[in-house]
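Hello,

Here is the structure for you to look over. My notes follow below it.

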Amino acid sequence: MSHSDEDTRLMRIALEQAHSAIRADQLPFGACVVVAGQVISAAHNTVFADQDVTRHAEVNALREACRALDRIDLAGATVFTSCEPCPMCLAACFWAGVSRIVYAARVADAQACGIRQLANAPEHLTALAEAGIEIIGDVLREEGRAVFAGLETVPVC
C-alpha cells in the first residue's frame, strides 16, 4: 500500500489541525475527511474543550463531514489523520463506510512521548481490510512525530 503526492498534500491539513489542537490546549491530534479530492471537513481533538472523551479528531471530522454532506454514508471518503486512529475512531470510520484511512504517526510514537493511546488489535485491522477499508500508514510520519515532540507538557487524559 503506497501513498500519492495528493495523500501527502492532504496529510498536511490533518497535521495543521494537530498543531491547532495544541494551540487550543487540546490533545495533539488532527484529521480531515476528503471525498473525490475535496476536503469536506477538518477538525482537531476537542476532548477538554467539550468535556467529552469521544471528541477525538477523527470523530469530530466524521461528524462535520456527515453534516456537510447531509448523510451518514461516507463511502468513497478518505480520512487523513495525524496519528494512527484508536479503536474507537477506527470503528467510527467503519460505521461511516469510509474507504481509506491514511495516517502519519503511529500509536507507538504517541506513547513514546507520554501520550496515553490504545493500540489496535491485529484482528480488528484484519477485519477492516476484509471490509474493504484500505489503511495506509507512515505518510509524513516524521512530521507527525514532531507534533508530539513539540509539546511543552503532555496533556493528561
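In which strand is the place of Arg100? Arg100 sits in strand S4, residues 100–105. Strands here are DSSP runs of E with at least two residues, helices are runs of H or I with at least four, and both are numbered from the N terminus.

Before the details, two notes on the basis. This is a predicted model, in which local features need pLDDT of at least 70 and side-chain atom pairs count only at pLDDT 80 or more, while totals for chains, interfaces and linings use all residues. Residues are numbered from 1 along each chain as its sequence is written, and side-chain values use heavy atoms, with hydrogens and water left out.

**Overall fold**

The protein has seven helices and five strands. From the N terminus, the order is α-β-β-α-α-β-α-β-α-α-β-α. The radius of gyration is 14 Å, close to the 15 Å from the globule rule for 157 residues, so the protein is as compact as a globular protein of that length. That radius is taken over C-alpha atoms, and the rule is 2.2 Å times the number of residues to the power 0.38. Along the principal axes, the C-alpha atoms fill a box of roughly 40 × 30 × 30 Å.

Of the 157 residues, 48% are buried. Buried means under 20% relative accessible area, exposed means over 50%, and partly exposed is in between (1.4 Å probe, protein chains only). The accessible surface comes to about 7,700 Å², and 53% of it belongs to carbon and sulfur atoms. Areas come from the Shrake-Rupley method with a 1.4 Å probe; for residues, only the protein chains shown count as cover.

Now contacts, meaning heavy atoms within 4.5 Å. Take the contacts with a separation of 6 or more: 60% of them join residues 24 or more positions apart.

On charge, there are 12 positive and 20 negative. Their mean positions are 2 Å apart. Lys and Arg count as positive, Asp and Glu as negative; His and the chain ends are not counted. Each charge is placed at NZ of Lys, CZ of Arg, CG of Asp or CD of Glu.

**Cysteines**

How many disulfides does a search of the whole structure find? It finds zero. A disulfide is a pair of cysteine sulfur atoms within 2.5 Å. For Cys32, the closest cysteine sulfur is in Cys93, at 11 Å, which is too far for a bond. Cys32 is buried, at 0% relative accessible area. For Cys86, the closest cysteine sulfur is in Cys89, at 3.7 Å, also too far for a bond. Cys86 is buried too, at 9% relative accessibility.

**Arg100 and Ala77**

Back to Arg100. Is Arg100 buried or exposed? Arg100 counts as buried, at 18% relative accessibility. Setting aside residues up to four places away in sequence, Arg100 touches Asp7, Ala77, Thr78, Val79, Phe80, Glu134 and Ile136.

Ala77 is in the loop between helix H3 (57–69) and strand S3 (78–83). Ala77 is buried, with a relative accessible area of 0%. Beyond its neighbours within four places in sequence, Ala77 is in contact with Val33, Val34, Val35, Val98, Ser99 and Arg100. Ala77 and Ala36 are 41 residues apart along the chain, with 7.4 Å between their C-alpha atoms.

**Two positive phi values**

Ala36 has phi near 50°, a positive value in a residue other than glycine. Ala36 lies in the loop between strand S1 (30–35) and strand S2 (38–44). Ala36 is exposed, with a relative accessible area of 80%.

Leu140 has phi near 60°, again positive in a residue other than glycine. Its loop runs between strand S5 (134–136) and helix H7 (141–149). Leu140 is buried, at 18% relative accessible area.

**Two more positions**

Ala42 lies in strand S2. Ala42 is partly exposed, at 26% relative accessibility. Leaving out residues up to four places away in sequence, Ala42 touches Ile13, Gln17, Ala31, Cys32 and Glu64. Ala42 and His19 are 23 residues apart in sequence and 12 Å apart in space, C-alpha to C-alpha.

Asp5 is in helix H1, residues 5–23. Asp5 is exposed, with a relative accessible area of 70%. Asp5 and Val139 are 134 residues apart along the chain, and their C-alpha atoms are separated by 10.0 Å.

Best wishes
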